[in-house]
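Subject: Structure handover

Hello,

Here is the structure I promised to pass on. Please open it alongside these notes.

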Amino acid sequence: MVAQLNDAEREAALSGLADWEYDRRRDAISRKFKFADFTEAFAFMTRVALHAEKADHHPEWSNIYNKVDILLTTHDAGEKGGLSQRDIDLAKIIEACL
């Protein structure tokens, strides 16, 4: 099982991810991305997918034309799942994929 971030760890981690929002209900972080067109959105998703597969940590996401919504939570963190360092690390990788 992966360790959930405590409140202090979560706040410190989120301070470095300005465009990500914390979802208290899901104990997750999310961000909405908008691209010029579908091709750019899909290329971004492909870059993220390659990194996510390598890290064995996969986002919950959706794509509609030029928009990509991503939610990160660790399903095997804590009793019900929640935010872990794996999510923070993947969010930083996602930022680098832009």
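Contact here means heavy atoms within 4.5 Å. This is a predicted model, in which local features need pLDDT of at least 70, side-chain atom pairs count only at pLDDT 80 or more, and totals for chains, interfaces and linings use all residues. Residues are numbered from 1 along each chain as its sequence is written, and side-chain values use heavy atoms, with hydrogens and water left out.

The sheet comes first. Helices (H or I, at least four residues) and strands (E, at least two) are DSSP runs, numbered from the N terminus. Two strands pair if DSSP finds at least two bridges between them. Four strands form an open sheet in the order 1-2-4-3, and the pairing is antiparallel. Strand 1 (21-23) and strand 3 (60-64) are the edges, each pairing on one side only. From one strand to the next, the twist averages 20°. Angles run from 0 to 180 degrees between N-to-C directions, with axes as lines fitted to C-alpha atoms, for helices over the stretch in contact. Helix 3 packs on the sheet and touches strand 2 and strand 4; its direction makes about 10° with that of strand 2. Three bridges join strand 1 to strand 2 (residues 28-34), in the antiparallel sense. Glu-21 is opposite Ser-30 of strand 2.

Next, the core. Buried means under 20% relative accessible area, exposed over 50%, partly exposed in between (1.4 Å probe, protein chains only). A nonpolar core is a set of buried Ala, Val, Leu, Ile, Met, Phe, Trp, Tyr and Cys residues joined through side-chain atoms within 4.5 Å. The largest one has 22 residues; Trp-20, Ile-29, Phe-44 and Ile-94 touch the most other members. Helix 2 gives the largest share, five residues. Leaving out residues up to four places away in sequence, Ile-29 has contacts that include Leu-14, Trp-20, Tyr-22, Ile-70, Leu-83 and Ile-88.

Now the loops. Most residues other than glycine have a negative phi. Asp-27, not a glycine, has a positive phi of about 50°. Asp-27 sits between strand 1 and strand 2 and is buried, at 11% relative accessible area. Asp-56 also has a positive phi, about 55°. The loop between helix 2 (38-55) and strand 3 holds Asp-56, which is exposed at 54%.

Thr-74 is buried, at 1% relative accessibility. Beyond four places in sequence, the residues Thr-74 touches include Val-2, His-57, Arg-86 and Asp-87.

Best wishes
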